[in-house]
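Got your viewer open and ready?

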Amino acid sequence: MIISKVKHLFLLLSLILNYSISSLAQPNNSADRFCGKKMIGYVAKWNGTPIVDYKNMTHAFFSFLKPTTKGGLWKFSATEERALFHFLRDTPKNNCKRFISLSDGGDGVFSIMASDSAARKSFIANVIAFCKEKDFDGIDLDWERMNNETKKKNYTKIMKELRIAVNKVGLQLVATVSFGNYWCQWIENEALQQADWIQVMAYDQTGTWSGSAFGNHASFEHFLQAETYWVKRGFSRNKMVMGLPFYGYKFKDKNGGQAKALRYSEIVAAFPNIDADSDQTPKEHYCFFNGPEIIKKKTNYALENGFAGVMVWEMSQDSKGDKSLHQVILNTFTTFCNRK
């Protein structure tokens with residue numbers, strides 16, 4: 001009887017020890033799994049109820065919250081409300097930080113609102129209230145298409161005012177930008193210095209305008225150009241998160257021009273046997289995208305060269321199973337972090 005009790009005690013101690021070792025080997029929070037780097041994914045409000053693997057992300061950005069010209073918040077549609085509900089339901093239980101992304105969809109509302117001090121004040125107060133009500137951890141400003149001195153100065157004003165506001169309530173602030181002088185010349189360094197980090201959209205370099213050249217919108221060369229641009233502007237890599245696209249652009253022909261956006265999942269479904277190192281669909285389909293090999297190359301480059309991490313536009317565009325680009329990113333993080 002005594003021997004039996006000793007055996008049971010020994011077994012119990014062994015189970016406890018094994019569990020402890022396993023817990024150390026398999027950290028249960030995102031910061032540890034990603035060795036202090038960021039794996040950020042955007043989730044678009046127009047997708048209704050997307051299936052997103054939040055447990056394998058450090059941050060999830062809900063896109064977008066839009067201002068009115070007077071500083072109010074644009075009302076969500078029923079589909080968008082449903083998307084937000086699922087986002088809020090699924091993110092906290094996976095230890096994934098929630099951010100709300102602010103944008104006007106390119107219709108110019110931001111420039112009107114930001115030009116008025118009272119409207120800016122109202123908008124910032126409304127965004128902070130939204131974050132407190134919905135338990136968000138941070139704010140992402142994605143104001144694109146700068147093109148004049150007025151917008152430049154107002155961008156700096158709203159970033160500085162947002163910084164003051166988030167400091168009071170313990171939120172983080174991020175700025176999402178492109179690269180190159182087309183519109184980033186109109187963004188002052190002072191504005192971006194208000195951000196905890198900046199996110200670089202190293203994509204959309206072809207196919208998004210009528211005179212576009214024929215070619216990949218997010219090549220590895222574009223990735224390097226984005227790095228060079230912001231480093232020369234004085235920003236350190238450890239304050240930069242590099243963007244990865246889960247979509248491609250399909251041209252009508254080799255003359256280029258305006259192209260049609262296709263989800264990566266659509267591309268894989270149409271060409272299930274496409275090679276992992278391919279970045280263009282075969283024959284005369286003329287769709288350029290980022291496949292597994294280039295996503296791996298970009299992610300590894302970002303990690304090996306001291307960037308803060310990577311971000312994805314947009315998570316619901318991924319393919320499932322063995323074609324998943326998210327899984328490629330995770331595998332690359334695992335290899336990198338295991339060497340640390």
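Here is a tour with a few stops, each starting with something to select.

Before you click, know that this is a predicted model, where local features need pLDDT of at least 70 and side-chain atom pairs count only at pLDDT 80 or more, while totals for chains, interfaces and linings use all residues. Residues are numbered from 1 along each chain as its sequence is written, and side-chain values use heavy atoms, with hydrogens and water left out.

**Stop one: salt bridges**

How many salt bridges does the structure hold? There are 14, where a salt bridge means a side-chain nitrogen of Lys or Arg within 4 Å of a carboxyl oxygen of Asp or Glu.

Start by selecting Lys45 and Glu80, a salt bridge whose closest N and O atoms are 3.8 Å apart. Lys45 sits in the loop between strand 1 (38-44) and strand 2 (59-65) and Glu80 in helix 3 (residues 78-90), so this pair ties together parts that lie 35 residues apart in sequence. Those helices and strands are DSSP runs (H or I, at least four residues, for helices; E, at least two, for strands), numbered from the N terminus. Both Lys45 and Glu80 are buried. Buried here means under 20% relative accessible area, exposed means over 50%, and partly exposed is in between (1.4 Å probe, protein chains only).

Next, pick Asp135 and Arg98, another salt bridge, with 4.0 Å between the closest N and O atoms. This one links distant parts of the chain, 37 residues apart: Asp135 is in the loop between helix 5 (117-134) and strand 4 (138-141), and Arg98 is in strand 3 (residues 97-102). Are the two partners buried or exposed? Asp135 is exposed, at 51% relative accessible area, whereas Arg98 is buried, at 5%.

Now go to Glu188 and Lys153, whose side chains meet in a salt bridge at 2.9 Å, N to O. Glu188 is in the loop between strand 5 (172-177) and helix 7 (189-192), and Lys153 is in helix 6 (residues 149-169), so parts 35 residues apart in sequence are tied together. Glu188 is buried with a relative accessible area of 18%, while Lys153 is partly exposed at 41%.

Before moving on, select Arg89, Asp90 and Lys93 together: salt bridges link them in a network.

**Stop two: the cysteines**

Select Cys35 and Cys337, which are joined by a disulfide (S to S 2.1 Å). A disulfide is a pair of cysteine sulfur atoms within 2.5 Å, and by that rule the count comes to one. Look along the S-S bond: the angle about it is -65°, and the link is left-handed. Cys35 is partly exposed, with 27% relative accessible area; Cys337 counts as buried at 14%.

Then try Cys131, which is in no disulfide; the nearest cysteine sulfur, that of Cys96, is 15 Å away. Cys131 is buried, at 1% relative accessibility. Select Cys184 too, and you'll find a buried residue at 1%.

Finish with Asp279, in the loop between helix 9 (264-270) and strand 10 (287-288). Asp279 counts as partly exposed, at 34% relative accessibility.
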